[in-house]
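I have one structure to go through today. I'll take a helix pair and then a pocket.

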Amino acid sequence: MRATLALAAVSAALAGCGSSAPVHYYTLQGPSAPAAAGTGAASAAYLIDVQPVSISTQADQPQLMVRTGDGSVSALYSERWSSPLGDELRGALSDALKRDLGALDVQMVKPGPGAAVWRVQTDVQRFELVAGSMAQLDATWRVRPVNMKGAGLLCRSVVTETVAEAGVPALIAAQQRAVSALAATMASAIRGQAPAGSASVQMLGCSPLKD
């Protein structure tokens, strides 16, 4: 009788494992845009150095943390980031900046002594996924020239992308757009233009960095 009960318990446990939801993995790096005909891989006379991204512990979880309409936050254990969220953000910002500026990241090529570099630092205060509503990114960021002329800036941007569809893929796509919009704002500062807001980007101020 005991053996029969033990076998039944094991069978039930295995059945429970077999019925668990499959795990899905997501990335913040969106699909690569096709290169324009006749353009090289890089055209900028400088490199970029996208530093590790700082993010709050609440958001920096392996599973997706999704806010619901009543203000609560749900951990979706079957929906996970493909790498630590800080790494996802750094990689997505690097990809977008390389594409926007035509520059290479120092993670790809080792800069020589005295190489001209734009250093990018990002501190994410809020990283929100709101079910059926929006994705939001609130970040303080710095761009600083190294071994070259240029004006360093310290800025804060809030990027909000609406979500028209239900489901996790729509949330991920919205957050991918938010990261790309943030990178485009950084790129404008690196080009020497005043970072401006847009339909999705709210600028909360910039100040020059001291040399």
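Start with the helices: α2 passes α3 in a right-handed crossing, meaning that the near helix is turned clockwise from the far one by less than a right angle. This is a predicted model, where local features need pLDDT of at least 70 and side-chain atom pairs 80 or more, while totals for chains, interfaces and linings use all residues. Numbering runs from 1 along each chain as written, and side-chain values use heavy atoms, without hydrogens or water.

The axes of α2 (residues 85–101) and α3 (residues 168–190) come within 9 Å and cross at roughly 50°. Axes here are lines fitted to C-alpha atoms over the stretch in contact, with angles from 0 to 180 degrees between N-to-C directions. Helices are DSSP runs of H or I, at least four residues, and strands are E runs of at least two, numbered from the N terminus.

Which residues meet? On the α2 side they include Leu89, Leu93 and Leu97, and on the α3 side Val179, Leu182 and Met186, with contact meaning heavy atoms within 4.5 Å. The contact divides into 13 nonpolar, one polar and two charged residues. Nonpolar is Ala, Val, Leu, Ile, Met, Phe, Trp, Tyr, Cys and Pro; charged is Asp, Glu, Lys and Arg; the others, Gly among them, are polar.Last, the second largest pocket: β7 gives the largest share of its lining, five residues. By class that lining has nine nonpolar, three polar and three charged residues.
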